[in-house]
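Trainee: I would like a close look at one part of this model. Please take me through the nonpolar core and what surrounds it.

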Amino acid sequence: MSARIIDGVALAKAIREEVAAEAAKLAAKGMRPGLAVVLIGEDPASKAYVGSKEKACIEAGMHSVKIARPATASEAEVLEIVDQLNADRAVHGILVQLPLPKHINTEKVLNRVDPAKDVDGFHPQNVGKLVIGDPTALRPCTPYGVQQMLIRSGIETRGAHAVVVGRSTIVGKPMANLLIQTGPGGDATVTVCHSKTRDLPGVCRTADILIAAIGKAEFVTRDFVKPGAVIIDVGINRVDDASKPRGYRLTGDVAYAECAEIASAITPVPGGVGPMTIAMLMQNTLQAMRQAVR
Ligand code: NDP
């Protein structure tokens, strides 16, 4: 068997186009969704992510605000920025790019974001809403993107056994919570695995849908995969590769080639879950605006 490739680039493009069309309709009524991104420090990867988010925002016809400060910015300064954005009526979504410099308390900053503008879905209020199945929850972009990939690729989650490897608050836990909700992209039977799970390959082999969010390059081998399973690879890992101009290549948490031989569908890295994350950020900004003007 050779797995169908789930094309995250194409799916993300479709979502971004839908968001742009919706934003254009709102613009005709004099309303414009706005996203603010806060970047503290000079981390090259963070700068690149922020650049992509700004570009996506402009392409979607949204109002884009970028606030950048050096790594020496104090916690009080960052909290002040968040307060100003909370009060700014042209801004419907606020994203604080992580990681923050070590002297800044990340939890304190994230909790300061108005939950109604928390397009990352990290505020405890949105986490709680997600758990209880409140549709006004702003959902964390990466697992929300995975759920959309499953829905839009026609992969039935209802009654399926989904195994999520990883229990982070950014990916694993919200992923599991989305999959157990009722409705499209939900109604799954979910098992969450982590570093203390016994017989991880054996548990993974019971999965109809296997979602890897571990942060270890090519950790999931064919021994983890039930023939015909769907594999979603959330991992993004840098692996040294002298043959590449940058000296490294990106790889997922799944040993792609060998797993693709036995899976029924699989996401590549790059070009899988990654592009979906930004698309869902745009979607969340639109949702935040709709809920704000309601
Ligand atoms: P974390 O490091 O926060 O969490 C990793 C999880 O994997 C933990 O729950 C950990 O278990 C588990 N784990 C680690 N080693 C093992 C092991 N040997 N066996 C079983 N479980 C293990 O990572 P994130 O959730 O933030 O990210 C996961 C991956 O997804 C990374 O590669 C990251 O780069 C990528 N990512 C991709 C995004 C995208 O847009 N595509 C967005 C966000 C992340 P324990 O809790 O026991 O330590």
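Mentor: A nonpolar core here is a set of buried Ala, Val, Leu, Ile, Met, Phe, Trp, Tyr and Cys residues joined through side-chain atoms within 4.5 Å. Keep in mind that the model is predicted.

The largest such core has 47 residues. Within this core, Ile232 and Met282 touch the most other members. Helix 10 is the main contributor to this core, giving 10 residues. Domain 1 (30–116) and domain 2 (141–275) each give residues to this core, so it lies between them. In general terms, nonpolar side chains tend to be buried together in soluble globular proteins.

Take Met282 next. Setting aside neighbours within four places in sequence, Met282 is in contact with Val19, Leu35, Lys53, Ala56, Cys57 and Met62. Another core lies apart from the largest one. That other core has 20 residues, among them Cys204, Val220, Ile231 and Ala260.

Now Thr285. Thr285 lies in helix 10. Its relative accessible area is 0%, so Thr285 is buried, the cut-off being under 20%. Beyond neighbours within four places in sequence, the contacts of Thr285 are Pro33, Gly34, Leu35, Met62, His92, Gly93 and Val119. Leu35 and Met62 are on this list, and Leu35 and Met62 are also contacts of Met282.

The largest pocket has a volume of about 1400 Å³. Its lining takes two or more residues from each of helix 2 (44–59), strand 4 (93–96), helix 6 (141–152), strand 9 (237–240), strand 10 (248–251) and helix 10 (273–293). The lining of the largest pocket numbers 45 residues. Nearest the centre of this pocket lie Tyr49, Thr142, Ile236, Gly274 and Thr277. By class, 26 lining residues are nonpolar, 12 polar and seven charged. Both domain 1 (30–116) and domain 2 (141–275) give residues to this lining, so the largest pocket lies between them.

The second largest pocket holds about 320 Å³ of space. Its lining has 17 residues, and Gly121, Phe122, Val127, Thr169 and Ile170 lie nearest the centre. Helix 4 (106–112), helix 5 (124–132) and helix 7 (172–180) supply at least two lining residues each. Of the lining residues, 10 are nonpolar, five polar and two charged. Domain 1 (30–116) and domain 2 (141–275) each provide at least three residues of the lining of the second largest pocket.

Note on methods: Residues are numbered from 1 along each chain as its sequence is written. This is a predicted model: local features need pLDDT of at least 70, side-chain atom pairs count only at pLDDT 80 or more; totals for chains, interfaces and linings use all residues. Side-chain values use heavy atoms; hydrogens and water are left out. On a 1 Å grid over the protein atoms alone, a cavity is a set of points where a 1.4 Å probe fits but cannot get out, and a pocket is an open set with protein on both sides within 12 Å along at least five of seven lines; lining residues have an atom within 4 Å of a point. Grid points are joined across faces, edges and corners, and a volume is the space filled by probe spheres set on the points. Helices (H or I, at least four residues) and strands (E, at least two) are DSSP runs, numbered from the N terminus. Ala, Val, Leu, Ile, Met, Phe, Trp, Tyr, Cys and Pro count as nonpolar, Asp, Glu, Lys and Arg as charged, and the others, Gly among them, as polar. Domain bounds come from an automatic or database domain assignment. Buried means under 20% relative accessible area, exposed over 50%, partly exposed in between (1.4 Å probe, protein chains only). Contact means heavy atoms within 4.5 Å.
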